[in-house]
Every structure is written in C-alpha cells, then in structure tokens.
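This briefing goes through one protein model, topic by topic. Please have the sequence and the 3D view open while reading.

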Amino acid sequence: CKERSQAYLLSIFLDCDFLGSYLRWTSSDSEWLEEAYVTYVAGPKGSIYELQAVNLVRSIDLFSTRPVVVVVFDDKFVPPAQWQDMPNVIVYKMLPQQSRAVSFNFNKIRAMVMARVVTAIQLDTDQLIAPGMDRLFQATKREIHEFYPWPMQPVHWMSREAKKGEMYAD
C-alpha cells in the first residue's frame, strides 16, 4: 500500500469462533476459497442490518452448498450464535474506516478484495438467494478467466425511477 496511513484498511482477521468452518473450506496449501458468497455488515445487536444478515446467511445455508464469507466492519456487530452451527459460515473482521468522507458501502469493495475467494458472488445483506443460485459460479467462470481476469463490478439495476425521455422510462 503506497499510502502507509491507509494500510490498516487492508488488514483482515478471522473471527476465531469460525475457525472450524475456515479449516473445512481451506487447506494447508491455500487459504483461498475456490467459490463463495461474500457479504459485509456492521451495526449494533438487534439492528436492521443484523436481521438482514441473518436472513441472507440462512438463505445461503438452505439453498447452497457453497460457503458464505461475512466481513464485519465494526466492533459492535456480534455474529449470531446460530451461525456457529452452520458449517459453511466464515466470519472475518476488518477495521472500520476512520473517515466519514467515504460511504460505508465502500466496504463492499474492501470485502470483495480481502475475502480471499477465487470466484465470488457478492451480496448485500438486504438480499436473499434461492434454489439454483449456485449456477452463477459457473457463469462467472465463463466470463472471468486468465484472458479476462478483471472482476465483474456490482451494479444496481433500476435503482431509481427513470424520467420521461430517459432510457426505460416507459
């Protein structure tokens, strides 16, 4: 990191309560996961963000064979105890940004970069998955490969109402 004062933003730590899941999905050869869902969260116990994260993780536990990496960005969020019973949940912690100059949602990029996943599907906590979602890992591998190694960036489709004259206004 060129800017030494920002290096702490790239430090990531495993939550020790999830060591078993981490060891299940990694090997002595590599701590990288081949495929996983990635999300990020922060907030106090009982917050809307905790409830959303619980529902997202439950949907992945129910409908996927892949692990989910949850990156926590503060010291207030406590992973729910029920996650420890789910063998596919890995929780990492990263230090929060000290400046409010950048949106909290910038942490989405930090989580994607630092989660150590070769092929990942990033989900926000207000999303759920359904049966068949794991097929998107193969689709991603078709598009991202050694000749096109750049990640697909997340987008918000139709996140606002189009105005008359703009595309999709009809």
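## Asp134 and the charged network

Asp134 has a relative accessible area of 13% and is therefore buried, the cut-off being under 20%. The model is a predicted one. Asp134 belongs to one network, in which salt bridges with shared partners join it to Glu35, Arg66 and Lys141.

**Salt bridges**

- The whole structure contains 7 salt bridges.
- Arg66 and Asp134 form a salt bridge through their side chains, with an N to O distance of 2.9 Å. Because Arg66 is in the loop between H2 and S3 and Asp134 is in the loop between S5 and H4, this pair ties together parts 68 residues apart in sequence.
- Arg66 also meets Glu35 in a salt bridge, at 2.5 Å from N to O. Here the loop between H2 and S3, which holds Arg66, is linked to strand S2, which holds Glu35, and the two residues are 31 residues apart.
- Glu35 is buried, at 12% relative accessibility.
- Glu35 forms a salt bridge with Lys141 as well, the N to O distance being 2.6 Å. This pair joins strand S2, the place of Glu35, to helix H4, the place of Lys141, across 106 residues.
- Lys141 has a relative accessible area of 30%, so this residue counts as partly exposed.
- Side chains of opposite charge can pair when their charged atoms come close.

- Ser64 sits in the loop between helix H2 (48-63) and strand S3 (68-72).
- Is Ser64 buried or exposed? Its relative accessibility is 9%, so Ser64 counts as buried.
- The Ser64 side chain comes to 2.8 Å from the backbone nitrogen of Arg66.
- Leaving out residues up to four places away in sequence, Ser64 is in contact with Tyr37, Ser59, Asn88, Ile129 and Asp134.

**Tyr37 and the nonpolar cores**

- Which residues have the most contacts inside the largest nonpolar core? They are Tyr37, Val70, Trp83, Val89 and Leu123, in a core of 21 residues.
- Strand S2 (33-41), H2, S3 and strand S4 (89-94) each give two or more residues to this core. H2 supplies the largest share, with 5 residues.
- Beyond four places in sequence, Tyr37 touches residues that include Ser64, Arg66 and Asp134. Its contacts also include Ile60, Leu123, Ile129, Met133 and Phe137.
- There is a second, separate core of 17 residues, with Val38, Ala42, Phe73 and Met114 among them.

**Helix H4**

- In helix H4 (residues 135-143), the buried residues are Phe137, Ala139 and Thr140. They line one face of the helix, because they fall within an arc of 160 degrees when viewed down the H4 axis.
- An α-helix has 3.6 residues a turn, so residues three or four places apart point the same way.
- Arg135 and Arg142 are exposed residues on the face of H4 turned away from its buried side.
- S2 and strand S5 (117-122) are among the elements that cover the buried residues of H4.

**Ile90 in strand S4**

- Ile90 is located in strand S4.
- With a relative accessible area of 1%, Ile90 is buried.
- From C-alpha to C-alpha, Ile90 and Val71 lie 8.5 Å apart in space, while 19 residues separate them in sequence.
- Not counting residues up to four places away in sequence, the contacts of Ile90 include Leu14, Phe18, Tyr22, Trp25 and Leu33. Val68, Val69 and Val70 are also among the residues that Ile90 touches.

**The protein as a whole**

- The protein has 4 helices and 5 strands, and their order along the sequence is β-α-β-α-β-β-α-β-α.
- The C-alpha trace spans about 55 × 40 × 40 Å along the principal axes.
- Buried residues make up 38% of the 170 residues.
- Of the contacts between residues at least 6 apart in sequence, 71% join residues at least 24 apart.

Conventions. Residues are numbered from 1 along each chain as its sequence is written. This is a predicted model: local features need pLDDT of at least 70, side-chain atom pairs count only at pLDDT 80 or more; totals for chains, interfaces and linings use all residues. Side-chain values use heavy atoms; hydrogens and water are left out. Buried means under 20% relative accessible area, exposed over 50%, partly exposed in between (1.4 Å probe, protein chains only). A polar contact is a pair of N or O atoms within 3.5 Å; within protein, one must be able to donate a hydrogen and the other to accept it, and residues adjacent in sequence count only if both atoms are side-chain atoms. Contact means heavy atoms within 4.5 Å. A nonpolar core is a set of buried Ala, Val, Leu, Ile, Met, Phe, Trp, Tyr and Cys residues joined through side-chain atoms within 4.5 Å. The arc is that of the directions from the helix axis to the C-beta atoms. A salt bridge is a side-chain nitrogen of Lys or Arg within 4 Å of a carboxyl oxygen of Asp or Glu.
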